[in-house]
Amino acid sequence: MSLHVVMAGSSGFLGTHLTAALRERGHRVTRLVRSPSEKPDASTWDPYAGVVDRDLVAGADAVVNLAGAPLIGNVHSQKWAREVRESRVRTTRLLAEVIAGADEPPAFLAGNGIAFYGDHGDQPLTESSDSRGDALLTQVSREWQEATEPAAAAGSRVCVLRTSPVMDRRSPPLKQLVPLFKLGLGGRLGSGRQHMAMISLRDWIGAVVHLAEHESASGPFNLCCETTPTNAEFTETLASALSRPSFATVPAPLLRVAAGKMAPELLGSLNVSPAALRDVGYDFQDPDVAAVVSSGLAARD
């Protein structure tokens, strides 16, 4: 089965690796790009102006949206928060509306965040769990998912990719954490008891490819490892893997001030499970924190 996949956000870390993986499996990928391009695999679009090749999108087998402004920035800035929200919601809504207008709507694999659930403490969470709280990324993830509704209403097979932090030393957050831990400055955040969702790059890629190829898969999917560690467990695992101590602690009050609107993502607890992925037959390569960290540290540029 060879698919034609149209992808937004292909130039980012995840998009670059997903594009390569799809092509390795014999699928054709057309990238939606913001700057004019004459490359045969690229099509220019402007989601803020509502400009996109509608025939291209409508004629695809699957559309993937990974577009979104970086989460690393001035976390105290309203401009940053607005860009984080609009870059995700507007791109998703435009693609969903174009998909909805197709005679045979293609599948829609829509990026999203594990922050959708909000802080639930130790409560186990699956894709059917509720969303609560008003943290920035929780609100964004709700609106992000709502933006897919035109496609779903038109009969598209919509998969909402509730992505947890992807642990790879070439990309945040591991890219920033490894140097700190090597200096012996790594430590838990707040109490460290909060559950910290994560996934390896190879499982994120494997899961998304599986969903693209699995014609009956639809709905929300938690892209996270099978057993979610606490922040303290992750800290101990990473420090041990780097042969460094992990005695430091960043007090919660200091984090709330320093991290601003991102503090809930560091101190909130998400004990999530990838139940829906298991139900559609995905087999994890890195099921727990030790495997995720090992895989992330083994990555090569």
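In which loop is Pro 173 found? Pro 173 lies in the loop between E8 and H6, where helices (H or I, at least four residues) and strands (E, at least two) are DSSP runs numbered from the N terminus. The structure is a predicted model, in which local features need pLDDT of at least 70 and side-chain atom pairs count only at pLDDT 80 or more, while totals for chains, interfaces and linings use all residues. Residues are numbered from 1 along each chain as its sequence is written, and side-chain values use heavy atoms, with hydrogens and water left out.

Two features of the backbone may be described together. The peptide bond from Pro 172 to Pro 173 is cis, with omega near 0 degrees. Ser 243, in the loop between H8 and strand E12 (248-250), has a phi near 55 degrees, a positive value in a residue other than glycine. Most residues other than glycine have a negative phi, and most peptide bonds are trans. Ser 243 counts as exposed because its relative accessibility is 59%; buried means under 20% relative accessible area, exposed over 50%, and partly exposed in between (1.4 Å probe, protein chains only).

His 27 occupies the loop between helix H1 (13-24) and strand E2 (28-33). This residue is buried, with a relative accessible area of 4%. The side chains of His 27 and Glu 213 are joined by a polar contact of 2.7 Å, that is, a pair of N or O atoms within 3.5 Å; within protein, one must be able to donate a hydrogen and the other to accept it, and residues adjacent in sequence count only if both atoms are side-chain atoms. Neighbours within four places in sequence aside, the residues in contact with His 27 (heavy atoms within 4.5 Å) are Met 1, Ser 2, Leu 3, Leu 22 and Glu 213.

Helix H12 (residues 289-297) is largely enclosed by the rest of the structure, because 7 of its 9 residues are buried. Among them are Val 289, Val 292 and Leu 297. The buried residues of H12 pack against strand E8 (166-167), H6, strand E10 (199-200), helix H7 (201-213) and helix H8 (231-241).

The whole structure contains 2 aromatic pairs. Phe 116 and Tyr 117 form an edge-to-face pair, at 5.4 Å centre to centre and 90 degrees between the planes. Rings of Phe, Tyr and Trp (its six-membered ring) pair if their centres lie within 6.5 Å; planes under 30 degrees apart count as stacked, over 60 as edge-to-face and the rest as tilted. Both Phe 116 and Tyr 117 are buried.
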